[in-house]
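Subject: Structure for your files

Hello,

Here is the structure I said I would send.

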Amino acid sequence: MTSHLQIPYTPFGHYSELSPDDQALVLAALNATRLSYAPYSGFRVGAAVSTTGGRILEGANQENASFSLTICAERTVLGIYASLDTDETITAMAIAYTADQVDPKALLSPCGACRQHILEYQNRQEAPFRILMTAPDGSGIEVASIRELLPFAFTGAELPKP
Ligand code: THU
């Protein structure tokens, strides 16, 4: 018998409908696209995370002439967070992008590698955080946890105990 998963998510028509804190987070992700280094794709991605201490951190994709070495915006901002050496935990992440000649309704959803990285940070802090994914027209989708985007995840719980 085949089983089916259901993924809970909340769409929004424009981020201006969100809470003031979430609006600020999406605006920070949009602002972070300025930090993008994307000479190869022209796809400028920004990510922002909020913390329990009220911080908002910003990061953007950093491309490389050896394309596969590119670092996505999500992993950039998670590295910035890790560098804070803080007890503050992440409460939410927002993702946005700008590019020429794209469908303004096309949602930016984190790539598979970033999903795995986001999961690691969520597991480290032992508390889920929301993810707000947006399209250039301001619409988007919210999920309550990276687990919604990464079913049957590899968590490391399977690894032998040292
Ligand atoms: N990119 C991100 O920064 N985040 C994503 O979730 C998807 C892709 C970047 C990587 C590369 O610089 C460009 O977008 C095109 O793939």
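**Pocket and ligand**

The lining of the largest pocket is made up of 8 nonpolar, 5 polar and 2 charged residues (Ala, Val, Leu, Ile, Met, Phe, Trp, Tyr, Cys and Pro count as nonpolar, Asp, Glu, Lys and Arg as charged, and the others, Gly among them, as polar). This is a predicted model, in which local features need pLDDT of at least 70 and side-chain atom pairs pLDDT 80 or more, while totals for chains, interfaces and linings use all residues. Residues are numbered from 1 along each chain as its sequence is written, and side-chain values use heavy atoms, without hydrogens and water.

A pocket here is an open set of points, on a 1 Å grid over the protein atoms alone, where a 1.4 Å probe fits, with protein on both sides within 12 Å along at least five of seven lines; lining residues have an atom within 4 Å of a point. The largest pocket holds about 210 Å³ of space, the volume being that filled by probe spheres set on the points. Of its 15 lining residues, Phe43, Asn61, Glu63, Thr70 and Cys72 lie nearest the centre.

The ligand takes up the largest pocket (more than half of its atoms lie within 2 Å of the grid points). Ligand oxygen atoms make polar contacts (N or O pairs within 3.5 Å) with the side chains of Asn61, at 2.9 Å, and Glu74, at 2.6 Å. Taken alone, the ligand exposes 370 Å², and the protein buries 80% of that (Shrake-Rupley method, 1.4 Å probe).

**Cysteines**

There are 0 disulfides in the whole structure, a disulfide being two cysteine sulfur atoms within 2.5 Å.

Regards

Key:
A polar contact is a pair of N or O atoms within 3.5 Å; within protein, one must be able to donate a hydrogen and the other to accept it, and residues adjacent in sequence count only if both atoms are side-chain atoms.
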